[in-house]
Each structure stands twice: as C-alpha cells, then as structure tokens.
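Open the model in your viewer and keep the selection tool at hand.

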Amino acid sequence: MFKLVGKETFCVGAAKTKATINIDAISGFAYEYTLEINGKSLKKYMENRSKTTNTWVLHLDGEDLRVVLEKDTMDVWCNGKKMETAGEFVDDGTETHFSVGSHSCYIKAVSSGKRKEGIIHTLIVDNREIPEMLE
C-alpha cells in the first residue's frame, strides 16, 4: 500500500537500479506522477543510457532477445542476464564473443575514424549482422 502523495522507492532489474515514483497533488483529485531512475528524470536517464550502451533486439529459436552492451565496462547482457564473454583483438579492432543457446555471437568494435562518432559496435549472430535498436 502506498500514500496518495509522496515518494515510493524500489529497485528494478538484475542490476537493482534505484527507481523512485514521485506523486504530487495538482488540484482536487488530480495527481502528477514522475519517475526517476538513479536520481535522474526518466528522460535524462534514457538519454544518458543511450550514450553508454548499445541495444539490439532479435528473435532466435522462437524467443525474443534483447542484447545490451555496456560500453564503459564491455559487459554484455541478454534479457537481463550478464553473459560470459571472451575478448579478442583482431586486425581492425576487437571482438567480444559469447553464446546464446547454440548460437555463436560477437560484438565487433571498430573505430569510425571520426572523433565525434567514436567506436562503432556491431552485433553479429551466426555470421549475420543484427541492426541496432535506437531507443
């Protein structure tokens, strides 16, 4: 049970990310709800998250999968589960290898050659490039 106005804090996902719902009375029986993630508005959090992660959505073996690369740590997550990975240096960059079921996957990281764009990450599953999901 929660109060009609105030804050309710809870954790989201495997990483136990702190989330807070702020409930404010506007007038009479009208209320405004805002969601904060790690102390930031949802919009700011999503903007920051899109800069620090790459996300791909795909369908394998009858299952919808969401693969997320955390660029700062190079951690790879699939449907909220941290994957075991192996990094490898290749001629034009790096490859981070992992498996999803019986499928061979890797994320290729290559320089864009442009300082503003930085490194380009590409997900390859069974030798097929998966388009990135833009959030």
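Which residue in β6 is the bridge partner of His59? Select Asp64: that is the partner.

Some ground rules before moving on. This is a predicted model, in which local features need pLDDT of at least 70 and side-chain atom pairs count only at pLDDT 80 or more, while totals for chains, interfaces and linings use all residues. Residues are numbered from 1 along each chain as its sequence is written, and side-chain values use heavy atoms, with hydrogens and water left out.

**Stop 1: the open sheet**

Select β5, β6, β7 and β8. These 4 strands form an open sheet in the order β5-β6-β7-β8, with antiparallel pairing. Strands pair if DSSP finds at least two bridges between them. Helices (H or I, at least four residues) and strands (E, at least two) are DSSP runs, numbered from the N terminus. Now look at the edges. β5 (53-60) and β8 (81-82) each have a single partner strand, so one side of each has no neighbour in the sheet.

Zoom in on β5 and β6 (residues 63-70). The two pair in the antiparallel sense over 8 bridges. Pick Asn54, which stands opposite Leu69 in β6. Then go to the turn. β5 and β6 form a hairpin with 2 residues between them, and Asp61 in the turn has a positive phi of about 50 degrees.

How many residues of β5 are buried? The count is 6 of its 8. Buried means under 20% relative accessible area, exposed means over 50%, and partly exposed is in between (1.4 Å probe, protein chains only).

**Stop 2: the core**

Select Leu58, Val67, Phe98, Val100 and Leu123. They have the most contacts inside the largest nonpolar core, which has 16 residues. Such a core is a set of buried Ala, Val, Leu, Ile, Met, Phe, Trp, Tyr and Cys residues joined through side-chain atoms within 4.5 Å. At least two of its residues come from each of β5, β6, β7 (75-78), β10 (93-100), β11 (103-111) and β12 (119-125).

Stay on Leu58. Leaving aside neighbours within four places in sequence, Leu58 is in contact (heavy atoms within 4.5 Å) with Glu63, Asp64, Leu65, Val67, Leu123, Val125 and Ile130.

**Stop 3**

Go to Gly6, in strand β1 (residues 6-12). Gly6 counts as partly exposed, at 29% relative accessibility. Gly6 touches Ile21, Asn22 and Ile23, not counting residues up to four places away in sequence.

Next, Phe10, also placed in β1. At 34% relative accessibility, Phe10 is partly exposed. β1 and α1 (42-52) are the elements giving two or more residues to the patch.

**Stop 3: two loops**

Select Asn38, in the loop between β3 (30-37) and β4 (40-41). Asn38 is not a glycine, yet its phi is positive, about 50 degrees. Its relative accessible area is 48%, so Asn38 is partly exposed.

Finish at Asp126, in the loop between β12 and β13 (128-130). Phi of Asp126 is positive too, near 50 degrees.
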